[in-house]
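Thank you all for coming.

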Amino acid sequence: MAQGGALRDLLVLAGHKQHLERERALGRIEEVLDAAASAGNADPLLAEAADGVRSLVASEEWEQRLGGLRLARVVLQRQVDDGFASDMLETCQRLLEDDEVRVRWAVGELLRTLSERLGIQVWERMSDCVLASIHRNFDRDAAEPSGQLPQQDAGSEIEDSGPNSGGEFLASLLQQSYRVEPPGTGEMRHATEGWKCLETSFRALQHMMEGCGAAFRPHLDDPLRQLIYRALGHPNRFIREACHFIMGSVCQLLEGPQLEALAPEIARKLGLGLSDNWSQVRYAASTATRTFMRCVAPYRERIFPLLVPHMCLNRYYVAEGVRLYSQETWRQVMGDSGREWVAKCASQVVAYYIEQSKANNHAVREAACACIAELMCKVDKEAVAPYVPRLLRALIMCFKDASWPVRDAACLACGRCVTAFPEESREVLKELYSLWFAHLSDNIFSVREDTAVALGNAVRAYGDEATARIVAVLRDTVLEARDQPADSQKYGSLENTTLFGVAAQRARANDQQLHTDKTMFSCGSLAPKLQRGGSCMDHGFARPKEPWEASDGAVYMIRELSAVAPAAVPEFLPALAELARMQHFAHAANLHETIWKQLPVIAENVGKKVFKPHLDEFLGPLFRSLACGHRLCEAAAGRCIGALRDLIGPGIFAGRLSDEQRRLMESSPDVPPPAGRFAVPGSHVTPQFVLTGRP
């Protein structure tokens, strides 16, 4: 009796409005039922719980309907009563299109439990209802066709003839490619919002497929497969995501001769998902691809040309979940033969990489650049050589991109490619130099640094020829900071305003003008998309060049030059010292930070004998930076002092210092203790990190 009373109270709480209370009640009900089963008197309690379920699922409150569906799974996992199971199937039919999405999700989960317990009869009873829901909700009103051109006003109607009609039509096409959707309308709305009951109905289909297992195979006929294939190209990304998860179940159910016959078709469908603009869809397609590759293991080498390019590129995709999952899939499927298969599928891989380098999603273009560099540097050169000109042209287009991460990736990729194929790259070398030198003063520091890394690779490929070009440019740019106005901006013309505090954040969040009739953004699609590049320096934005940024880029270039052509560096050491003494502009500390981070590498590369005559020129500004008040600059100066001291020798270095400088060096927490052969036993040496560019 005590258990019965407790159960009645818990059945009430199972429909509570608060999620936590419902979950606690379900957990306690499971404990009560399991305890009764151990004592051999569970049947009365299960019957009482079943009656409670019937009451809850008939409620007008969605929380009670949700609790009832969850509780029904608990009951069915412990006892299968034909009458109760029949009632629950009727409930699933009634609530399949419930107004509350959480109820619809619970219906799918209950259908899985029913399928596991009752088998294929669940699908036979539910199929008409589920398929009717899918067909009824597949299309949505007011969806603008993808290929429709923007409407023209009467005064701007494009004529069918005339010398400029072709140009105007092209301009209209470009406008359509990068049009901004009004908020909450058109394809932008449908791609980011729910699509009535379609997603949950597909999820219910998946639950029944997986719950029935092998018994479902005869029912996975061509009409049902074609319905799933059609949904893989649905305009709504939630539908595409759900159906790519279903594709994994399809592969498992069809494993064997039937899957072998359908493998090429399925591989092409999965390839579309692996190329989707939405990270969630890519991830779903990646899970289905891993399942597919496991199911077709005996003959998967025949499938590789269809999927290897997509699998390879997603190892570099920006979304970490997709990237890590794809890397693990690659290891599982390819083992140690990945490079050989990429070489065998070179034509397909190259075509796919070039296609993805033109994608509307700038994150995809960035991944394509990294993949092209990998292809040219790591894969058999005889297999790749015929495609080098096409790949370089694709990289150059990405080098002119509106998105700086794409330009950054293309910049590094071009540097690696000229190292791997120096002669084949000569055809575009002039244009590459022009782009590299322009980006050496880019407003993003990592672009400046990576440009220097790429130019260093050019020196490795072309030797003195490249060195002469770079030295000529350095002579013109290294001291451009002399012309920097006092009101410098760290990021050129980009807005550099930050609001602090809760009040400022609340004011912005409640500003109606900022949040009314604006473009809809989404972290999934990275929309609105940044357009691809055009002419040599048309990167989609314009800004006045900041002279100090050109000098900053020159510092990185001197560092790279010191590694590949150290004889060319000494003439620039006095210029570096002059830069270190400059304090007339607002961001001088940022320039000094760069100098102090790179100077130890430069000094070590040119050698102690060459650097020592210039040491005194750096000591004054170096110790001034150690106490300048700019924490990043102070930290960089402290590490630089420690590195130069260990290079020159503590005794000789200390002899060059004034008493005040020596006291500052000994008292500053930013200066690490001696390292290497000068290390004091038991002292802790702070690791020194110097940026050298990303691979």
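The sulfur of Cys414 lies 6.3 Å from the closest cysteine sulfur, which belongs to Cys417, and that is too far for a bond, since a disulfide is taken here as a pair of cysteine sulfur atoms within 2.5 Å. Cys414 is buried, with a relative accessible area of 0%, where buried means under 20% relative accessible area, exposed means over 50%, and partly exposed lies in between, using a 1.4 Å probe and protein chains only. In the structure as a whole there are 0 disulfides. Cys312, too, is in no disulfide, and its nearest cysteine sulfur, that of Cys371, is 5.7 Å away. Cys312 counts as buried as well, at 2% relative accessibility.

Before I go on, please keep in mind that this is a predicted model, in which local features need pLDDT of at least 70 and side-chain atom pairs count only at pLDDT 80 or more, while totals for chains, interfaces and linings use all residues. Residues are numbered from 1 along each chain as its sequence is written, and side-chain values use heavy atoms, with hydrogens and water left out.

Let me turn to the charged side chains. A salt bridge here is a side-chain nitrogen of Lys or Arg within 4 Å of a carboxyl oxygen of Asp or Glu, and by this rule the count comes to 39 salt bridges. One of them joins Glu31 to Arg28, with the closest N and O atoms 2.8 Å apart. These two residues are 3 residues apart in helix 2 (residues 19–39), and so are separated by about one helical turn; helices are DSSP runs of H or I with at least four residues, strands are runs of E with at least two, and both are numbered from the N terminus. Glu31 is partly exposed at 47%, and Arg28 is partly exposed at 39%.

Elsewhere, salt bridges that share partners join Lys17, Glu61 and Glu63 into one network.

Finally, the rings. Rings of Phe, Tyr and Trp (its six-membered ring) pair if their centres lie within 6.5 Å, and planes under 30 degrees apart count as stacked, over 60 as edge-to-face and the rest as tilted. A search of the whole structure finds 6 aromatic pairs. Among them, Tyr433 and Phe437 have ring centres 5.8 Å apart and planes at 15°, so this pair is stacked. Both sit in helix 23 (residues 429–439), 4 residues apart, or about one helical turn, and Tyr433 is buried at 1%. Phe611 and Phe618 are also stacked, because their centres are 5.9 Å apart with planes at 25°, and both of these residues are buried. Tyr433, Trp436 and Phe437 form one aromatic cluster.
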